[in-house]
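Please have a look at the sequence and the structure, then read on.

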Amino acid sequence: QVQLVESGGGLVQAGGSLRLSCAASGRSFNSYVMGWFRQAPGLAREFVAAINRGGANAYYGDSAKGRFTISRDNAKNTVYLQMNSLKPEDTAVYYCAADPLLSVEGWLSTNYRFLQLWGQGTLVTVSS
C-alpha cells in the first residue's frame, strides 16, 4: 500500500512561489495517477492538478492554469506542485492524492471521495 506525505507548505507573500512535494512510500508508485487538491476553510475540496503515470500528460483546475505546474519523478517516488504568482485566494490546505484506476482526465470531474489514497495535507498561506 502506498502512503503519501506532503511537504513544502508555508507562508508566502502574494506574487511569490512555493513548491510542494508529495513523497510516496511503498511499491508501484508509477502505477498511480497522482494529483493535488486543496481545501480552504469553509469551502469544498477543489481539484488543482493531476498527472498521468508516465508524467507526460497533466490536467489543471481553472484556478491553477497558467500559474501551477505538476510534475513527477518516478525514480524518487515523488510528485511536485510548483506554484507561482500566488494569490491570497490560494490559501488552503493542499492534499496529495493517488489512484491506480481513474484516468488522469477523469480527475477533472470525479468526486474526490472516490480517489484511493490521500496524504495528510500541507498548509499554504498567502499573505496580501
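Reading from the N terminus, the elements of the protein chain follow the order β-β-β-β-β-β-β-β-β-β-β. That makes eleven strands and zero helices. Please keep in mind that this is a predicted model.

**Overall shape**

The C-alpha trace of the protein chain spans about 40 × 30 × 25 Å along its principal axes. The radius of gyration is 13 Å, which agrees with the value near 14 Å that a compact globule of 128 residues would have. Of the 128 residues in the protein chain, 44% are buried. Contacts also reach along the sequence: among those between residues at least 6 apart, 59% join residues at least 24 apart.

**The disulfide**

How many disulfides does the count come to? The count comes to one. Its partners are cysteine 22 and cysteine 96, with their sulfur atoms 2.1 Å apart. The link between cysteine 22 and cysteine 96 is left-handed, with -80° about the S-S bond.

What does the pair tie together? A disulfide is a covalent bond between the sulfur atoms of two cysteines.

Are these cysteines buried or exposed? Cysteine 22 has a relative accessibility of 0% and counts as buried. Cysteine 96 is buried as well, with a relative accessible area of 0%.

**Two loop residues with positive phi**

Serine 28 has a positive phi, in a residue other than glycine, and sits in the loop between β3 and β4 (33-39). Asparagine 77 also has a positive phi and is a residue other than glycine; its place is in the loop between β7 (68-73) and β8 (78-83). Here are their values:

| Residue | Phi | Relative accessible area |
|---|---|---|
| Serine 28 | near 65° | 44%, partly exposed |
| Asparagine 77 | near 55° | 21%, partly exposed |

Asparagine 77, at 21%, counts as partly exposed, because buried means under 20% relative accessible area.

Conventions. Residues are numbered from 1 along each chain as its sequence is written. This is a predicted model: local features need pLDDT of at least 70, side-chain atom pairs count only at pLDDT 80 or more; totals for chains, interfaces and linings use all residues. Side-chain values use heavy atoms; hydrogens and water are left out. A disulfide is a pair of cysteine sulfur atoms within 2.5 Å. Buried means under 20% relative accessible area, exposed over 50%, partly exposed in between (1.4 Å probe, protein chains only). Helices (H or I, at least four residues) and strands (E, at least two) are DSSP runs, numbered from the N terminus. The radius of gyration is taken over C-alpha atoms; the globule rule is 2.2 Å times the number of residues to the power 0.38. Contact means heavy atoms within 4.5 Å.
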